[in-house]
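User: I would like to go through this model with you. Could we start once it is on screen?

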Amino acid sequence: MSQYLQGVPPMALKAAADLSTKQYFFVKLTASRKVNIAAGATTPVFVLQNKPDAADDVAELAMPGSTTKVKLGGTVTYGDHLTSDSAGKAIVTVTNTNFVGGIALESGVTDDLIEMLVSHLKVAA
């Protein structure tokens, strides 16, 4: 069962757009220091904790050391390193240079919400 354990308070930044349907998806920081949906594994990712419904609304991000729910974009097994797919959903990564947003604390399949330990890593060669 997914839960949320706060190790570090969420970071609050401004949303770049309406992200009201993207709670628990991976997001990234834009060049203007706003939060938008992540579109792949080659940039650092965070998990959106709330539902900002307009640009410039507050977007809360889970920080390393916390656990969070995350929406899956494929099949995941406990202990897998997770990154973002092109839609901001969590998928497994083993690819060199991919950024890891966390480690799966549960197994699941596409569109499940599972618990993840937030840990910003990069896959080693």
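User: In the hairpin of β2 and β3, which residue takes a positive phi?
Analyst: R33 does, with phi near 65°, and the hairpin has four residues between the strands. Strands here are DSSP E runs of at least two residues, numbered from the N terminus. Please note that this is a predicted model, in which local features need pLDDT of at least 70, side-chain atom pairs count only at pLDDT 80 or more, and totals for chains, interfaces and linings use all residues. Residues are numbered from 1 along each chain as its sequence is written, and side-chain values use heavy atoms, with hydrogens and water left out.

User: Do β2 and β3 pair in the parallel or the antiparallel sense?
Analyst: Strand β2 (residues 26–29) pairs with β3 in the antiparallel sense over three bridges; pairing requires at least two DSSP bridges. K28 stands opposite N36 in β3.

User: Which residue in β3 is the bridge partner of K14?
Analyst: That partner is K34. Strands β1 (residues 11–15) and β3 (residues 34–37) run parallel and are joined by two bridges.

User: Changing topic, is Q49 buried or exposed?
Analyst: Q49 counts as buried because its relative accessibility is 11%; buried means under 20% relative accessible area, exposed over 50%, and partly exposed in between, with a 1.4 Å probe and protein chains only. Q49 lies in the loop between β4 (46–47) and β5 (58–61).

User: With which side chain does the side chain of Q49 make a polar contact?
Analyst: The side chain of T68, at 2.7 Å. A polar contact is a pair of N or O atoms within 3.5 Å; within protein, one must be able to donate a hydrogen and the other to accept it, and residues adjacent in sequence count only if both atoms are side-chain atoms.
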